[in-house]
Amino acid sequence: DIEADVLIVGETGTGKELFARAIHQLSPRHARPLVRINSAAIPDGLIESELFGHERGAFTGASAQRKGRFELADGGTLFLDEVGDMPAAVQSKLLRVLQERELERVGGHTTIRVDVRVIAATHRDLSQLVREGSFREDLYYRLSVVPVHVPPLRGRREDVRTLAKFFVNRYNTRHGRQVRRIAPSDLDMLAAYDWPGNVRELENTIER
């Protein structure tokens, strides 16, 4: 189902956001926005407002009404990055929005309908978090309608050569360089390395 919610799982640096962008671009929603939010990068006290928005005066500093990421993504796709780090208090509210496709802004009483396809991603083992009681089981199953596992780069070494050449072209343009090719022996060396930092480490190495 091309409209189904997706859960992308993989180690840090494997390119989960690139997969999310590709899924969005290949969907009927490609002309609408892809809105991203990183659950791990937002303080616990602010993530609810970031997701669902808030009304003026809802809390100290809320000097104006603000739409949340769900509303901004209406008609398009919301990419919930590092969903495994989402606070427990917000998980139940997220579940309701996923089930009902409606929300209320923080401090508000009006129900707002949203048409959003959700793609979530995490480097954590959500099933283990469920067993530990730190992640809601019903939310886990609701998110993983279509589960996608992105293997680490060491598990798809055939991609290293293609990615290395891609990054050479990218940084030729960015830094005004003219690197024409990578020696076959260097490509063999790159492919033999385990890349614990995955695609992100490879990209940084090529740029360096």
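What share of the contacts in the protein chain with a separation of 6 or more comes from residues 24 or more positions apart? In this predicted model, such residues account for 72% of those contacts, a contact being defined by heavy atoms within 4.5 Å. The model is a prediction in which local features need pLDDT of at least 70 and side-chain atom pairs count only at pLDDT 80 or more, whereas totals for chains, interfaces and linings use all residues. Residues are numbered from 1 along each chain as its sequence is written, and side-chain values use heavy atoms, with hydrogens and water left out.

The protein chain contains nine helices and seven strands, both taken as DSSP runs numbered from the N terminus (helices H or I with at least four residues, strands E with at least two). Along the principal axes, its C-alpha atoms fill a box of roughly 65 × 40 × 35 Å. Of its 208 residues, 45% count as buried, where buried means under 20% relative accessible area, exposed over 50% and partly exposed in between, computed with a 1.4 Å probe on protein chains only.

The largest pocket holds about 570 Å³ of space. A pocket is here an open set of points on a 1 Å grid over the protein atoms alone, where a 1.4 Å probe fits and protein lies on both sides within 12 Å along at least five of seven lines; lining residues have an atom within 4 Å of a point. The volume is the space filled by probe spheres set on the points, with grid points joined across faces, edges and corners. The lining of the largest pocket comprises 23 residues, and those nearest its centre are G15, K16, E17, L18 and R200. At least two lining residues are supplied by each of α1 (16-25), β2 (34-38), α7 (158-175) and α9 (198-207). Divided by class, this lining has six nonpolar, six polar and eleven charged residues, with Ala, Val, Leu, Ile, Met, Phe, Trp, Tyr, Cys and Pro counted as nonpolar, Asp, Glu, Lys and Arg as charged, and the others, Gly among them, as polar.

For the second largest pocket, the volume is about 280 Å³. Its lining is made up of 15 residues, with V168, V179, I206, E207 and R208 closest to the centre. Two or more residues of this lining come from each of α7, α8 (184-192) and α9, and α7 gives the most, with four residues. The lining of the second largest pocket divides into seven nonpolar, three polar and five charged residues.

In α8, the buried residues are L187, L190 and A191. Seen down the axis of α8, these residues fall within an arc of 95°, so they line one face of the helix; the arc is that of the directions from the helix axis to the C-beta atoms. The buried residues of α8 pack against α7 and α9, while S185, M189 and A192 are exposed on the other side of the helix. Within α9 itself lies E203, which is buried with a relative accessible area of 16%. Leaving aside neighbours within four places in sequence, E203 is in contact with F167, R170 and Y171.

Aromatic pairs were assigned to rings of Phe, Tyr and Trp (its six-membered ring) with centres within 6.5 Å, planes under 30 degrees apart being stacked, over 60 edge-to-face and the rest tilted. By this rule the count is four. One of the pairs joins F166 and F167 in an edge-to-face arrangement, at 5.5 Å centre to centre and 65° between the planes; F166 is partly exposed at 45% relative accessible area, whereas F167 is buried at 4%.

The loop between α5 (126-132) and α6 (137-143) contains F135, which counts as buried at 3% relative accessibility. F135 and P87 lie 48 residues apart in sequence, with their C-alpha atoms 8.6 Å apart in space. When residues up to four places away in sequence are not counted, F135 touches V83, G84, Q91, L126, L129, V130, Y140 and L143.

In helix α2 (residues 44-52), the buried residues are I47, S49, E50, L51 and F52. The elements covering them include β2, α3 (69-72), β3 (77-81), α4 (88-100) and β4 (102-103). Helix α2 is followed by G53, whose phi is positive, near 80°.
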